[in-house]
Amino acid sequence: MSPDPESPAPEYVIRSIRADEWPAAKEIRLASLQDAVAHLAFLDTYENAVARTDRFWQERTAGAAEGVRERQQIIAEEPGGRWVGSVTVLVEEAGAEGALGGVSDVRQGHLVAVYVRPEVRGQGLTERLFSHALRWAWEVADVDRVRLFVHERNGRAAAFYRKFGFLPTGVSVPVPVEAGARELEFVYKRP
């Protein structure tokens, strides 16, 4: 669904989540897991996620909320309050095993759970989410670089990451839930 060219684009707020917003965090996660490319983009399924308890969602949200320095979920919120996009930054310490394995020699951010609802794609929200996530990574988490992984068959996402400024490192890791498939690492170094 394309926006009407005659109507002004809505003003989205890009911000970190609050611990008490777990119902919205749950809702956008479930929506992301129903996306057409969810099988390539996420290491989870809708069936697993929908079966989780409210306590799980409360703890997950509190662990990535405003003020937490180890992880931060950033959302795009439309004027009515509905969340239309999300990205999470995980902080990985130098010398510690990262989210998908491997040990980095630098403190780094790791972007995961990137999602923008189909009806608002193409409006620059992913760019705004990434800009906010990188700013948080540099200014709050004080990391040296930010990385992400993309499924080798998710060409649309890989093209966006390159356009935004992420560079492929040549590192790849097996997809934990898909035998024979690989996730490709991309990195954005701190300016």
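Student: In this predicted model, is His-110 buried or exposed?

Tutor: His-110 sits in strand β4, which covers residues 108-116. Its relative accessible area is 2%. Buried means under 20%, so the word for His-110 is buried.

Student: Is Ala-62 buried or partly exposed?

Tutor: Ala-62 belongs to helix α4, residues 54-62. Beyond its neighbours within four places in sequence, Ala-62 is in contact with Ala-19 and Val-68. Its relative accessibility is 35%. Buried needs a value under 20% and exposed one over 50%, so Ala-62 is partly exposed.

Student: What distance separates the C-alpha atoms of Ala-62 and Arg-15?

Tutor: Along the chain, Ala-62 and Arg-15 are 47 residues apart.

Student: How many aromatic pairs does a search of the whole structure find?

Tutor: A pair of aromatic rings is described by the distance of the centres and the angle of the planes. The search of the whole structure gives a count of 13.

Student: Is the pair of Phe-130 and Tyr-161 stacked or edge-to-face?

Tutor: The ring centres of Phe-130 and Tyr-161 are 5.8 Å apart, with 15° between the planes. Planes under 30 degrees apart count as stacked and those over 60 as edge-to-face, so this pair is stacked.

Student: Which parts does this pair tie together?

Tutor: Phe-130 is buried at 0% relative accessibility, and Tyr-161 is buried at 8%. The two parts are 31 residues apart in sequence. Phe-130 lies in residues 125-139 and Tyr-161 in residues 155-164, so the parts tied together are helix α5 and helix α6.

Student: Is the pair of Phe-164 and Tyr-188 stacked or tilted?

Tutor: The pair links distant parts of the chain, helix α6 for Phe-164 and strand β7 for Tyr-188. Phe-164 is buried at 18% relative accessible area, while Tyr-188 is partly exposed at 22%. The centres are 6.0 Å apart and the planes make an angle of 50°. Stacked needs under 30 degrees and edge-to-face over 60, so the pair is tilted.

Student: Over which ring does the charged end of Arg-52 sit?

Tutor: The charged end of Arg-52 is 4.9 Å from the centre of the ring. The ring belongs to Phe-56.

Note on methods. Residues numbered from 1 in each chain as written. Predicted model: local features only at pLDDT ≥ 70, side-chain atom pairs only at ≥ 80, totals over all residues. Heavy atoms only, no water. Helix = DSSP H or I, 4+ residues; strand = E, 2+ residues; numbered from the N terminus. Buried < 20%, exposed > 50% of the residue type's maximum accessible area, 1.4 Å probe, protein only. Contact = heavy atoms within 4.5 Å. Phe/Tyr/Trp six-rings, centres within 6.5 Å; stacked < 30°, edge-to-face > 60°. Lys NZ or Arg CZ within 6 Å of the ring centre and 35° of its normal.
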